[in-house]
Amino acid sequence: MIAFKEWTLICEALGRGQQSVILRKGGIAEGRDGFRFKHDDFMLFPTFFHEQLAKLRLPASTALPAPREDGQIEVRYRARVEWTRDISDWEMVKRLAPFHLWQEAEIEKRFRQDEAPGVSLAFIRASRLSRSFVFPDSPRFGGCRSWVELPELSADITFTPVLDDAIHRERERQLRTVLGA
(Lines give C-alpha, C1' and ligand atoms only; values in the text may rest on other atoms or scores of the structure.)
Protein backbone atom coordinates (compact mmCIF):
# COMPACT_ATOMS: atom_id res chain seq x y z
CA MET A 1 0.00 0.00 0.00
CA ILE A 2 1.42 3.38 -1.07
CA ALA A 3 0.81 6.65 0.72
CA PHE A 4 1.36 10.26 -0.26
CA LYS A 5 2.76 12.49 2.47
CA GLU A 6 0.83 15.74 2.77
CA TRP A 7 0.22 18.37 5.44
CA THR A 8 -2.38 17.17 7.89
CA LEU A 9 -4.61 20.22 7.32
CA ILE A 10 -4.59 19.57 3.56
CA CYS A 11 -5.41 15.89 4.19
CA GLU A 12 -8.37 17.06 6.26
CA ALA A 13 -9.48 19.52 3.55
CA LEU A 14 -9.33 16.74 0.96
CA GLY A 15 -11.14 14.41 3.35
CA ARG A 16 -13.94 16.95 3.94
CA GLY A 17 -14.33 17.56 0.21
CA GLN A 18 -13.20 21.16 0.64
CA GLN A 19 -10.40 20.63 -1.89
CA SER A 20 -9.97 18.20 -4.81
CA VAL A 21 -6.51 19.15 -6.05
CA ILE A 22 -2.99 18.47 -4.88
CA LEU A 23 -0.24 20.84 -5.99
CA ARG A 24 3.29 19.58 -5.61
CA LYS A 25 6.82 20.52 -6.56
CA GLY A 26 8.63 17.73 -4.80
CA GLY A 27 10.83 17.01 -1.85
CA ILE A 28 14.57 16.74 -1.48
CA ALA A 29 14.43 12.96 -1.99
CA GLU A 30 12.57 13.17 -5.33
CA GLY A 31 15.77 12.89 -7.35
CA ARG A 32 16.95 14.63 -10.52
CA ASP A 33 13.71 14.18 -12.41
CA GLY A 34 11.72 15.94 -9.71
CA PHE A 35 8.25 15.09 -8.51
CA ARG A 36 5.71 13.08 -10.48
CA PHE A 37 2.39 11.58 -9.47
CA LYS A 38 3.78 8.04 -9.82
CA HIS A 39 0.73 6.38 -8.30
CA ASP A 40 -2.92 6.92 -9.11
CA ASP A 41 -4.35 5.28 -5.98
CA PHE A 42 -2.88 6.02 -2.57
CA MET A 43 -3.55 6.76 1.07
CA LEU A 44 -3.14 10.31 2.38
CA PHE A 45 -0.38 10.24 5.01
CA PRO A 46 -0.78 13.27 7.31
CA THR A 47 2.36 15.17 8.26
CA PHE A 48 2.52 17.46 11.28
CA PHE A 49 4.37 20.71 11.71
CA HIS A 50 3.10 23.88 13.35
CA GLU A 51 4.07 26.29 10.55
CA GLN A 52 1.55 24.80 8.11
CA LEU A 53 -1.32 26.82 9.57
CA ALA A 54 0.45 30.10 8.70
CA LYS A 55 0.94 28.88 5.12
CA LEU A 56 -2.73 28.15 4.51
CA ARG A 57 -5.76 30.37 3.97
CA LEU A 58 -7.58 29.28 7.12
CA PRO A 59 -8.87 31.25 10.10
CA ALA A 60 -6.19 31.85 12.73
CA SER A 61 -8.42 30.02 15.22
CA THR A 62 -8.10 26.77 13.23
CA ALA A 63 -6.72 24.04 15.45
CA LEU A 64 -3.79 22.03 14.18
CA PRO A 65 -4.55 18.37 14.88
CA ALA A 66 -1.89 16.79 17.06
CA PRO A 67 -0.11 13.54 16.31
CA ARG A 68 -1.41 10.58 18.26
CA GLU A 69 0.06 10.31 21.75
CA ASP A 70 0.65 6.57 21.32
CA GLY A 71 3.20 7.09 18.54
CA GLN A 72 0.96 5.47 15.94
CA ILE A 73 0.12 6.89 12.52
CA GLU A 74 -3.56 7.30 11.68
CA VAL A 75 -4.64 7.37 8.04
CA ARG A 76 -8.27 8.23 7.35
CA TYR A 77 -8.44 9.03 3.62
CA ARG A 78 -7.58 7.59 0.25
CA ALA A 79 -7.10 9.47 -3.01
CA ARG A 80 -7.47 8.39 -6.62
CA VAL A 81 -5.86 10.58 -9.24
CA GLU A 82 -8.24 11.19 -12.12
CA TRP A 83 -5.82 13.34 -14.12
CA THR A 84 -2.69 15.42 -13.76
CA ARG A 85 -1.20 18.46 -15.37
CA ASP A 86 2.16 20.20 -15.11
CA ILE A 87 1.73 23.97 -15.00
CA SER A 88 4.60 26.31 -15.80
CA ASP A 89 2.58 29.54 -16.19
CA TRP A 90 2.51 31.48 -12.91
CA GLU A 91 -0.62 33.43 -13.91
CA MET A 92 -2.48 30.16 -14.44
CA VAL A 93 -1.29 28.86 -11.08
CA LYS A 94 -2.64 32.02 -9.42
CA ARG A 95 -6.05 31.39 -11.02
CA LEU A 96 -6.19 28.05 -9.15
CA ALA A 97 -6.61 29.84 -5.78
CA PRO A 98 -10.34 29.01 -5.42
CA PHE A 99 -9.49 25.30 -5.64
CA HIS A 100 -7.02 25.01 -2.75
CA LEU A 101 -6.15 26.36 0.71
CA TRP A 102 -2.45 27.24 0.31
CA GLN A 103 -1.37 30.87 0.67
CA GLU A 104 -0.22 32.37 -2.64
CA ALA A 105 3.29 32.92 -1.22
CA GLU A 106 3.58 29.20 -0.38
CA ILE A 107 2.51 28.13 -3.86
CA GLU A 108 4.87 30.68 -5.44
CA LYS A 109 7.74 29.34 -3.31
CA ARG A 110 7.02 25.85 -4.64
CA PHE A 111 6.56 27.16 -8.18
CA ARG A 112 9.96 28.91 -8.18
CA GLN A 113 11.78 26.28 -6.11
CA ASP A 114 14.35 25.44 -8.78
CA GLU A 115 15.54 26.44 -12.24
CA ALA A 116 12.41 24.98 -13.88
CA PRO A 117 9.43 27.01 -12.59
CA GLY A 118 6.20 25.08 -12.27
CA VAL A 119 4.05 22.78 -10.18
CA SER A 120 2.35 19.46 -10.75
CA LEU A 121 -1.42 19.39 -10.24
CA ALA A 122 -3.49 16.28 -9.61
CA PHE A 123 -7.28 16.30 -9.68
CA ILE A 124 -8.23 13.63 -7.17
CA ARG A 125 -11.28 11.84 -5.85
CA ALA A 126 -10.96 11.52 -2.08
CA SER A 127 -12.62 8.73 -0.11
CA ARG A 128 -13.05 8.22 3.61
CA LEU A 129 -11.96 4.90 5.08
CA SER A 130 -14.69 2.96 6.90
CA ARG A 131 -12.39 3.03 9.93
CA SER A 132 -9.02 4.60 10.56
CA PHE A 133 -5.95 2.69 9.39
CA VAL A 134 -3.61 2.80 12.41
CA PHE A 135 -0.06 1.46 12.49
CA PRO A 136 3.24 2.16 14.30
CA ASP A 137 5.35 5.11 13.19
CA SER A 138 8.73 4.21 11.78
CA PRO A 139 11.87 6.04 10.60
CA ARG A 140 11.08 4.77 7.07
CA PHE A 141 8.16 7.22 6.95
CA GLY A 142 10.42 10.20 7.73
CA GLY A 143 12.44 12.42 5.49
CA CYS A 144 11.61 14.79 2.71
CA ARG A 145 9.94 12.37 0.33
CA SER A 146 6.44 12.34 -1.10
CA TRP A 147 5.77 8.60 -1.32
CA VAL A 148 6.05 5.98 1.42
CA GLU A 149 5.09 2.33 1.56
CA LEU A 150 2.65 1.42 4.33
CA PRO A 151 1.84 -1.86 6.03
CA GLU A 152 -0.87 -3.90 4.35
CA LEU A 153 -4.36 -2.47 4.68
CA SER A 154 -6.92 -4.64 6.44
CA ALA A 155 -9.28 -6.31 3.93
CA ASP A 156 -12.35 -5.21 5.87
CA ILE A 157 -11.69 -1.49 5.35
CA THR A 158 -13.93 0.03 2.68
CA PHE A 159 -13.97 3.46 1.04
CA THR A 160 -16.74 6.03 0.56
CA PRO A 161 -16.24 9.07 -1.71
CA VAL A 162 -16.38 12.32 0.27
CA LEU A 163 -18.22 14.14 -2.53
CA ASP A 164 -21.18 12.90 -4.51
CA ASP A 165 -20.70 12.48 -8.26
CA ALA A 166 -22.54 15.68 -9.26
CA ILE A 167 -20.47 17.95 -7.00
CA HIS A 168 -17.25 16.21 -7.95
CA ARG A 169 -17.92 16.55 -11.70
CA GLU A 170 -18.96 20.20 -11.33
CA ARG A 171 -15.71 20.96 -9.51
CA GLU A 172 -13.81 19.22 -12.29
CA ARG A 173 -15.67 21.26 -14.92
CA GLN A 174 -14.82 24.50 -13.12
CA LEU A 175 -11.16 23.52 -12.79
CA ARG A 176 -10.88 22.53 -16.44
CA THR A 177 -12.43 25.89 -17.41
CA VAL A 178 -9.75 27.74 -15.42
CA LEU A 179 -7.04 25.58 -17.00
CA GLY A 180 -8.46 26.05 -20.50
CA ALA A 181 -8.71 22.29 -20.93
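What share of the contacts in the protein between residues at least 6 apart in sequence join residues at least 24 apart? In this predicted model, the share is 82%.

Figure 1. Read along the sequence, the elements follow the pattern β-α-β-β-β-α-α-β-β-β-α. Taken along the principal axes, a box of roughly 45 × 35 × 35 Å holds the C-alpha atoms. The radius of gyration is 16 Å, which agrees with the value near 16 Å that a compact globule of 181 residues would have. Of these 181 residues, 45% count as buried.

**Figure 2. Helix α1 and the strands that cover it.** Helix α1 spans residues 8-16 and is mostly covered, with 8 of its 9 residues buried. The buried residues are Thr 8, Leu 9, Ile 10, Cys 11, Glu 12, Ala 13, Leu 14 and Gly 15. Their cover includes strands β1 (2-7), β2 (21-24), β3 (41-47), β4 and β5. In an α-helix, residues three or four places apart point the same way, because there are 3.6 residues a turn. After α1 comes Gly 17, which has a positive phi, near 80 degrees.

**Figure 3. Arg 78 in strand β4.** Strand β4 runs over residues 72-87 and contains Arg 78. Arg 78 counts as buried because its relative accessibility is 9%, and buried means under 20%. Leaving aside residues up to four places away in sequence, Arg 78 touches Asp 41, Phe 42, Met 43, Arg 125, Ala 126, Ser 127, Leu 129 and Phe 159. With one of these residues, Asp 41, there is a polar contact from side chain to side chain, at 3.1 Å. Lys 94 is 16 residues from Arg 78 in sequence, and their C-alpha atoms are 27 Å apart in space.

**Figure 4. The largest cavity and its lining.** The structure holds 1 cavity of 30 Å³ or more. The volume of the largest cavity is about 40 Å³. Its lining consists of Leu 14, Gln 19, Ser 20, Ile 124, Arg 125, Ala 126, Val 162, Leu 163 and His 168. Strand β5 (residues 119-136) gives the largest share of this lining, 3 residues. By type, the lining residues divide into 5 nonpolar, 3 polar and 1 charged.

Notes:
Residues are numbered from 1 along each chain as its sequence is written. This is a predicted model: local features need pLDDT of at least 70, side-chain atom pairs count only at pLDDT 80 or more; totals for chains, interfaces and linings use all residues. Side-chain values use heavy atoms; hydrogens and water are left out. Helices (H or I, at least four residues) and strands (E, at least two) are DSSP runs, numbered from the N terminus. Buried means under 20% relative accessible area, exposed over 50%, partly exposed in between (1.4 Å probe, protein chains only). Contact means heavy atoms within 4.5 Å. A polar contact is a pair of N or O atoms within 3.5 Å; within protein, one must be able to donate a hydrogen and the other to accept it, and residues adjacent in sequence count only if both atoms are side-chain atoms. On a 1 Å grid over the protein atoms alone, a cavity is a set of points where a 1.4 Å probe fits but cannot get out, and a pocket is an open set with protein on both sides within 12 Å along at least five of seven lines; lining residues have an atom within 4 Å of a point. Grid points are joined across faces, edges and corners, and a volume is the space filled by probe spheres set on the points. Ala, Val, Leu, Ile, Met, Phe, Trp, Tyr, Cys and Pro count as nonpolar, Asp, Glu, Lys and Arg as charged, and the others, Gly among them, as polar. The radius of gyration is taken over C-alpha atoms; the globule rule is 2.2 Å times the number of residues to the power 0.38.
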